[in-house]
Amino acid sequence: MKLAGMASNRGRNLLNIADRSPGGAEFAVVLTNEEGAPVLEKAAERDIPTEVVPRADDESRREHERRVEEALAEYDVDLVCLDGYMRVLTEAFVDGQPTILNVHPSLLPAFPGMDAHEQVLDAGVKQTGCTVHVVDETVDGGPIVTQEPIPVFEGDDVEDLKERVLYQGEFKAYPRAVKWFAEDRATVDNENNVVHVEGDEGGEFPARRVTSEDRVESLRYGENPHQDAALYADTTCEEASVVSAPQLNEGAKGMGYNNYNDADAALNIVKEFEKPACAVIKHTNPAGAAVADSISQAYADALSTDPKSAFGGIVALNRECDAATAEQIIESFKEVVVAPGYTEEALEVLFEKDNLRVLDVSEQFETTETLTEKDLVGGRLIQQRDRQRLDREDLEVVTDRVPTDEQIESMLFAWQTIKHVKSNAILFAKGTETVGVGAGQVSRVDAVEIAKMKADSDAEGKDADGAVMASDAFFPFPDGIEAAAEAGIEAVIQPGGSVNDDDVIEKADELGMTMVMTGTRCFRHD
């Protein structure tokens, strides 16, 4: 798409569009009505042709526009972009050009005209922004293409707003609008004063996404002491969350960046289970997890998987914490405990540890937050939350040996838990408790070996002999099965789908193991 830019001064939006070339759009010409306008030099540096068409003192507006039309006619442009072009265009000019876009420094229809920032400050609003709109014969009244909201902070002046709206608003919104036109996704309906954008229908993954969170806490530091950090909250979240959980022992030091991250990971594991469950987390991976008849037994089973790694970890419970559980928790150093309530006796015990943060979450474990997000440099990844929950009908037995009911129960527990282990992930389980966890390895065999080592060296009162192994993705070769058999594993749950599935199954049969396939993987890369 060939663009014509029209500006009276610096034309910073035009230069930003030129540098970004959204949708492959390029400027055929930049025109100004002011001799010596700074945009001329900057356009020339980018090898963009320029035209200067000043208005003579005795020249009518329409006469001047005709000369502008003549200048633009030499370039055969598809879209005209205005940026601080200090002339109101006549209906005749607008009708004679392709679509004309302009950017206005407010959220139209609020605060139109020349002094938008002054109007914003005088009105005392807490949010302003910018609007890219189609130009018609009105002033700032044409169909809106897109908008970008920008906060107004206490103490802001006109210059503050001007810079923030330009760099954080206009520099995002204007290229976005040009891209839609360049990709032929935008349709202007002048009769109804609206612009339709193909694909901009909302849903879970809308074409445009605007979010807002409130800062609720300035943290001591980020992942490391040299990094500043803060906590922002979505106050509409209904699901149990560590973000909104009050810290009951106010005298203890506050939560840090890593504490929140790990506590969130721990809470998400125990939400998976209906029966009493506990997860002990270290660096967002479970050192151990278990489901039992009581919450105190669940904690004991989870801790015994790897009490060495649990030192300085995070504990999450899906039941009210009682005194018996609290007594066990304080036997070794923990950073945080998260639970949906505490008995008075449990709090007395937990408060004996000055630096143990005690978070009280709600009992709303039903999933209401259906998406997860990860910030990237320059963007954000968004995906549906992994809410898969398998039962025995979802498991395909692929070996000669058929799993027992006890093995099926253990497989399903292992599968629900391994969703929360960083990939490549391997998890050993007996009954409904973990025995060994191999997390975050670049080799699946290495993950098996680590789970085996953890079960042999660090687990207390249990081992991998006769246990179930879960894998978050398929085994590409039989070597992972051989390593598991050496550890004493007798049953395997894995997605399947490798080109070498037959070889893997054959090896399992040769070793007398039982194996089921789920047909779905559960990677966790964050």
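Visitor: What's the strand order in the open sheet of seven strands?
Guide: The order is S3-S2-S1-S4-S5-S6-S7, and the pairing is mixed. Strands are DSSP runs of E with at least two residues, helices are runs of H or I with at least four, and both are numbered from the N terminus. Two strands pair if DSSP finds at least two bridges between them.

Visitor: And which are the edge strands?
Guide: Strand S3 (50-52) and strand S7 (144-151), each of which pairs on one side only.

Visitor: Before I go on, what sort of model is this?
Guide: The model is predicted: local features need pLDDT of at least 70, side-chain atom pairs count only at pLDDT 80 or more, and totals for chains, interfaces and linings use all residues. Residues are numbered from 1 along each chain as its sequence is written, and side-chain values use heavy atoms, leaving out hydrogens and water.

Visitor: OK, how many bridges join S1 to S4?
Guide: Five, between strand S1 (residues 2-7) and strand S4 (residues 79-83), which run parallel. Gly5 has Cys81 in S4 as its bridge partner. Cys81 also stands opposite Leu101 in S5, and S4 and S5 are parallel too, with two bridges.

Visitor: Is S5 enclosed or open, and why?
Guide: Strand S5 (residues 100-104) is largely enclosed by the rest of the structure, because five of its five residues are buried. Buried means under 20% relative accessible area, exposed is over 50%, and partly exposed is in between, using a 1.4 Å probe and protein chains only.

Visitor: Which way do the S5 residues point?
Guide: Ile100, Asn102 and His104 point one way, while Leu101 and Val103 point the other.

Visitor: Switching to helices: at what angle do H5 and H6 pack?
Guide: Helix H5 (residues 116-123) and helix H6 (residues 158-182) pack at about 115 degrees, with axes 9 Å apart. The axes are lines fitted to C-alpha atoms over the stretch in contact, and angles run from 0 to 180 degrees between N-to-C directions.

Visitor: Which H5 residues make the contact?
Guide: His117, Glu118, Val120 and Leu121, meeting Val158, Leu161, Lys162 and Val165 of H6. Contact means heavy atoms within 4.5 Å.

Visitor: Last one: how many residues has the largest nonpolar core?
Guide: It has 47, and Val338, Ile418 and Ile493 have the most contacts inside it. A nonpolar core is a set of buried Ala, Val, Leu, Ile, Met, Phe, Trp, Tyr and Cys residues joined through side-chain atoms within 4.5 Å. Helix H12 (residues 405-418) gives the largest share of this core, seven residues.
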